[in-house]
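Hi,

Here is the structure I promised to pass on. Have a look at it first, and then read on for what turned up.

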Amino acid sequence: MTLGWTGALSQLLEIVLALALAPLLTGWVNQCRAWLQNKSAPPLLQPYYLLHKLFNKESVLAEHASPLFRSAPYIVFGCMTLACSIIPTLSTDLPLTLAADAIALVGLFALARVFISLAAMDIGTSFGTLGARREMLIGFLAEPALLMVLFCASLISTSTSLATIVETLAHRELAIYPSLAFAGVAFTIVSLAENARVPVDNPATHLELTMVHEALILEYSGRHLALIEWAASLKLFAYSCAGLALFCPWGIAEAHAPLEMLLALPALALKLAIGGAALATLETLSAKMRIFRVPEFLATAFLLAVIGLLVHILLGS
Amino acid sequence: MNPLLGQFINLLGAVLLMLAFAMISQRRVLSLVHLFTLQGAVLVVATAVVGYATAQPHLFISAALTLVLKVLLIPNLLHRVIDRLEVRWDTEPLLNIPTTMLIGILLVIFAFNLGLPIARFSSTIARGTLGIALACVLLSFMMMITRAKAIPQVVGFLSMENGLFFAATSATYGMPMVVELGIALDVLIGVLILGVFMFQIREQFDSLDIRHLERLKED
């Protein structure tokens with residue numbers, strides 16, 4: 001793969017698409033959730049209004065805030081943008097995937113998590129510290145599970161590069177991989193936990209005792225909060241696209257056929273719409289679990305992913 | 001032979017294993033019965049697909065038998081027992097579930113290791129799934145050992161039978177019809193007897209916890 005203009009173009013297109021579409025996906029999930037719960041739904045573009053409002057507001061800082069607190073939103077936002085740019089959504093011709101593979105993707109999520117947790121502890125309020133500890137608890141259990149899920153897919157394509165994985169899964173002759181069934185269930189659990197979704201955390205809560213993600217960002221306001229909200233949308237977008245890339249990769253354009261991207265865009269929109277509706281259904285059907293049940297929940301994901309690896313070895317030999 | 005059919009059977013085997021794991025981690029009695037019904041349904045599909053892929057008509061008969069017995073009749077019986085005993089929402093204070101699941105993973109590795117050399121000498125379409133079927137059997141075994149209440153133990157027994165059935169299907173395209181009918185009848189009678197037992201235990205001890213049975217003398 002050389003750094004041709006098509007590669008640069010598709011990379012640029014992908015980043016712009018992620019930045020523009022991520023709040024729309026969040027809005028769509030919220031709308032579906034409201035419909036399913038018989039509430040009047042917020043408008044589809046609500047996250048954009050929120051971002052617009054927050055960017056126009058003054059950002060207030062605590063008196064004892066260190067530079068870390070101020071820089072954390074930018075770091076988190078940067079991490080999530082980079083994560084979105086190395087996951088193939090439209091085309092597998094992405095120059096940045098040469099620099100960062102699936103393991104680096106997990107590292108990027110971890111980096112963002114470390115900085116947001118440090119920033120939450122930086123102010124010294126009890127809620128921030130509480131949120132940071134819970135976030136780290138969930139994070140350190142979700143990370144190995146996510147790695148194992150990605151390894152399941154890389155065992156099939158014998159590469160950890162996400163572009164190669166997608167090329168293998170989408171463009172080789174059709175085959176059913178039972179290991180991916182395990183990986184799929186594990187990935188669903190991990191993405192629910194990582195995106196602060198219902199069985200683990202309620203994104204709409206403001207009840208102090210149950211909140212994890214909200215407690216972390218309690219001290220942020222104005223443009224900092226806007227960046228963090230945008231980064232949270234990007235994270236959901238990244239996870240959805242990673243799930244689509246691993247388990248439903250059809251429709252993503254190949255490196256030698258950049259014109260296929262025209263077809264890839266509606267395919268991506270359709271898949272994301274279905275995925276978002278499924279996420280909302282899953283959230284509506286399940287009840288929030290106690291924080292001490294979360295380790296068990298995530299351990300299940302890890303074990304399922306490990307069994308996926310074992311099944312691949314058993315059936316592949 | 002379409003390679004997708006073989007892969008589809010492998011996928012169904014994987015789903016069976018996943019359901020066995022879900023049963024281990026399930027606390028609610030009612031959800032356990034639902035999972036068992038689902039496992040039976042997957043088994044029916046798997047048997048029918050193996051029958052279709054290898055053109056063995058007797059496998060369709062055993063699939064139908066499984067459907068009637070394990071998807072319709074036995075879950076129905078279990079639901080009735082649960083209703084009569086009023087243990088619908090019973091939750092069970094289990095041993096630590098993560099520990100059980102870790103042991104479960106060890107069992108899976110053991111079963112896969114055991115299945116691998118046998119599968120190499122087999123030439124059936126679903127030979128790879130023998131290890132999975134063995135793992136299902138061992139996991140259900142473990143479920144019977146670790147559960148303290150009567151109904152989960154019965155479900156464990158039944159799901160072990162599911163695993164055995166799948167093993168027979170994947171290794172040798174099913175047992176002879178007489179054996180299959182015999183086993184089906186055995187399981188049915190077993191469930192009936194265990195059902196009667198459950199009522200007796202309940203009457204005697206006011207609970208379905210079989211740990212009460214460990215004490216033989218009254219003190």
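Before the first helix, one bit of bookkeeping: the expected span of a helix is taken as 1.5 Å times one less than its number of residues. Please also keep in mind that this is a predicted model.

With that rule, take α9 of chain A, residues 222-247. Its 26 residues should span 38 Å at 1.5 Å a residue, and the end C-alpha atoms are 38 Å apart, so the two agree. How many of the residues of α9(A) are buried? The count is 23 of the 26, so α9(A) is largely enclosed by the rest of the structure.

One of the partners of α9(A) is α10(A), residues 261-285: the two axes come within 11 Å and cross at roughly 110 degrees. That makes α9(A) roughly perpendicular to α10(A), and the crossing is right-handed. On the α9(A) side the contact uses Ser240(A), Gly243(A) and Leu244(A), while α10(A) brings Lys271(A), Leu272(A) and Gly275(A). By type, the residues of this contact come out as two nonpolar, three polar and one charged.

For another helix pair, go over to chain B. There α5(B) (residues 130-146) and α6(B) (residues 150-172) have axes that come within 8 Å and cross at roughly 165 degrees. Angles over 145 degrees count as roughly antiparallel, and α5(B) and α6(B) are therefore roughly antiparallel to each other. The crossing here is left-handed. In the contact of α5(B) with α6(B) there are 15 nonpolar residues, seven polar and no charged.

Now to where the chains meet. On the chain A side 18 residues are in contact with 22 residues of chain B. Two helices of chain A, α7 (178-194) and α11 (294-316), each supply at least two residues of the side that touches chain B. Which of the elements of chain A gives the largest share of that side? It is α11(A), with ten residues. The side of chain A that touches chain B is made up of 15 nonpolar residues, two polar and one charged.

Most residues other than glycine have a negative phi. Thr158(A), however, has a phi near 50 degrees, a positive value in a residue other than glycine. Thr158(A) sits in the loop between α5 (126-157) and α6 of chain A. Buried or exposed, then, for Thr158(A)? With 9 other C-beta atoms within 10 Å, Thr158(A) is exposed.

Ala196(A) also has a positive phi, near 55 degrees, and is found in the loop between α7 and α8 (213-216) of chain A. Ala196(A) is buried, with 21 other C-beta atoms within 10 Å.

Last stop, Thr168(A), which belongs to helix α6 (residues 162-171) of chain A. Thr168(A) has 17 other C-beta atoms within 10 Å, so it is partly exposed. Setting aside neighbours within four places in sequence, Thr168(A) is in contact with Ile156(A) and Ser157(A).

Cheers

Terms used. Residues are numbered from 1 along each chain as its sequence is written. Chains are lettered from A and ligands numbered from 1 in the order in which they are written. This is a predicted model: local features need pLDDT of at least 70, side-chain atom pairs count only at pLDDT 80 or more; totals for chains, interfaces and linings use all residues. Two residues are in contact if their C-beta atoms, placed from the backbone, lie within 7 Å. Helices (H or I, at least four residues) and strands (E, at least two) are DSSP runs, numbered from the N terminus. Ala, Val, Leu, Ile, Met, Phe, Trp, Tyr, Cys and Pro count as nonpolar, Asp, Glu, Lys and Arg as charged, and the others, Gly among them, as polar. Axes are lines fitted to C-alpha atoms, for helices over the stretch in contact, and angles run from 0 to 180 degrees between N-to-C directions. Angles under 35 degrees count as roughly parallel, over 145 as roughly antiparallel, 65 to 115 as roughly perpendicular and the rest as oblique. A crossing is left-handed if the near helix is turned anticlockwise from the far one by less than a right angle, and right-handed if clockwise. A residue is buried if 20 or more other C-beta atoms lie within 10 Å of its own, exposed if 12 or fewer, and partly exposed in between; C-beta atoms are placed from the backbone.
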